[in-house]
Amino acid sequence: MRALLAVLALTALPSAAQETRVPRAPAAKATPDEAKKFVTSLNADLKRLWVKQSTAEWIKSTYITDDTERNAASVNEEVMAFTNTAIKESRRFDGLKLDPETARMIHLLQVSQTLPAPADAGKRAQLAATAAKLEGLYGKGKYCGKDGKGTCRDLEELSDVMAKSRNYEELLDAWRGWHAISRPMRPLFEQLVTLSNEGAKDIGFNDLGTLWRSSYDMTPAEFEKDAQRLWGQVKPMYDELHCYVRGRLARQYGEANVPAGKPIPAHLLGNMWAQEWNNIYPLVEPYPGQASLDVDGAMQAQGYDAQKMVKLGEKFFTSMGLKSLPPSFWERSQFTKPRDRDVVCHASAWDVSFDNDLRVKMCIKPTEEDLITIHHELGHNYYYTYYYQLPVLFQAGANDGFHEAIGDALTLSITPAYLQQLGLLKAVEKNDKNLINLQLKDALEKVAFLPFGLLVDQWRWDVFSGKVKPADYNKSWWAMREKYQGVSAPVARNEQDFDAGAKYHVPANVPYTRYFLARILQFQFHKALCEASGYKGALHECSIYGNKEAGKRLQAMLEMGASKPWPDALYAMTGTRQMDATPMLEYFAPLRRWLQEQNQGQKCGW
């Protein structure tokens, strides 16, 4: 999954120090001038304290030990105490007529925590330790065979099996092995839910899910309704893709294993979480024998290493007139997996010191998937570099979906023509068969992801609200997977399992709806940038590589950070104030017509 974390470098877990005191609002009636002084002082303290926290988190992620986990937990505990107190102090200014900048900062402070802690110091320490332990269990997770005595394999190695194997039982073994690593997380996750819900209530929210949904410049109910509206726009396209893919998988694995009209077994889709399906492209390719789309082979033949791949990603941004990455980026990033220690390989982008200290943390391999992930992560870094001089409370995306969408929007310009220009594809003749091949390959990644991007938080919101009880964690997880994705567990599961925890963002407590929004927004951004570049043709053929006018449009939005509500930032980029999946549907229109023809007479749905 091409994901950013940098949660700690955004609005996720603001940092704090024990010796720092939150500027207290006066006991007398508060005034707008006092509110302004409050946020000025708060910004100065937060910047210093967030640096301390993100430094501890960087070390923990790139050198997993009990000591680094304990150190990060200690800093995060300070964070929680400071931020909770600051939020409570800021409530004294509620209802005052404030200037827009001050009001915006206070709002962002009040919705800034993704893991709010209880006021009780003991519970706060427990929550910090629990959160660190959960992420550590994930990072150290390994499967050592059914009897525990075989060769131990980590997620990277097991993911290779999921991506490349076509053996039903081998895929099942890898899937079952990785999902076993999350069983010990279950009681810890239940603790995290209880304690963070208590923390959310302490700062004025019903539960943690309500707090998360309050950060979108609309009410939680309005946001949930808007997310469902977007899903309604794209669901028919997903259903068409699902029906076609299931039919092709039935040819490969037999209709007994992949029956028509039923969910697809989760281990057959080329990805540990069945969230993106691009690894099974060879099994579902519409027109085999057409022009090769094997970018992996070209990269490996040409000796691409991690550094060269990242340089290629940077070149895309600089071709549009954006600035180069600072020298420290190349010195401090983790591009490859170290041999001597455990690290979190999950790709993420950082500004550790909130002062253009840009970094990427990845375990890069010479694959097209990782090349695209690099563009995604650099999208975060370029957002950071254009807003780092703003007050620290504004150093974030217009909403978290914006942050995820920037790099992805640029990856839509990684067209065959662009790859040919790089020498990573041979000439691809422009014809209908090649177009359908290419669009299906893209859809297996971008369209297939949509329901998973939505359901992870739909499930957690139900958990946080108490609608889903701890005794039903796994049952409800698979009910949600079937409802949205049409994907089923490949073997019987029970409540000793905790399959949600096998996905990084759950134990790491990273909100996930941002990735769903990003899949929608990237096509809106792409269309707007293509229009800014003067492009007039079919949307799926547009590349903004090298276009300075598109670069200016992008930079103008990046520089806003979180200083304005996201509809204002969206308007600056696209001229509209509502998130809309229409550009995505336009982009994939040729594929949809083809899929509808292929699915005639098939038993679609599940």
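Predicted model: local features only at pLDDT ≥ 70, side-chain atom pairs only at ≥ 80, totals over all residues.

User: Leu241 is among the residues with the most contacts inside the core. Which residues does Leu241 touch, leaving out those up to four places away in sequence?

Analyst: Other residues with the most contacts inside the core include Val245, Leu249 and Phe402. For Leu241, residues up to four places away in sequence are not counted. The residues touched are Trp277, Leu440, Ala443, Leu444, Val447, Ala448 and Leu595.

User: How many disulfides does the count come to?

Analyst: A disulfide is a covalent bond between the sulfur atoms of two cysteines. The cut-off is a pair of sulfur atoms within 2.5 Å. Cys144 and Cys152, for one, have their sulfur atoms 2.0 Å apart. By this rule the count comes to four.

User: How many residues apart in sequence are the parts that Cys243 and Cys604 tie together?

Analyst: Cys243 and Cys604 form a disulfide, with sulfur atoms 2.0 Å apart. Cys243 lies in helix H9, while Cys604 lies in the segment after helix H24 (589–598). The pair therefore ties together parts that are apart in sequence by 361 residues.

User: Is Cys604 buried or partly exposed?

Analyst: Buried means under 20% relative accessible area, and exposed means over 50%. Cys243 has 3%, so Cys243 is buried. Cys604 has a relative accessible area of 38%. Because that value lies in between, Cys604 is partly exposed.

User: Is the disulfide of Cys345 and Cys363 left-handed or right-handed?

Analyst: Cys345 and Cys363 form a disulfide, their sulfur atoms 2.0 Å apart. Cys345 is buried at 15% relative accessible area, and Cys363 is buried at 9%. The torsion about their S-S bond is about -80°, so the disulfide is left-handed.

User: What is the handedness of the link between Cys144 and Cys152?

Analyst: Cys144 is buried, with a relative accessible area of 18%. Cys152, at 37%, counts as partly exposed. With 110° about the S-S bond, their link is right-handed.

User: What pattern do the disulfides follow?

Analyst: The bonded cysteines are counted along the chain. The pattern is then 1-2, 3-8, 4-5, 6-7.

Terms used: Residues numbered from 1 in each chain as written. Heavy atoms only, no water. Core = buried A, V, L, I, M, F, W, Y, C linked by side-chain atoms within 4.5 Å. Buried < 20%, exposed > 50% of the residue type's maximum accessible area, 1.4 Å probe, protein only. Contact = heavy atoms within 4.5 Å. Helix = DSSP H or I, 4+ residues; strand = E, 2+ residues; numbered from the N terminus.
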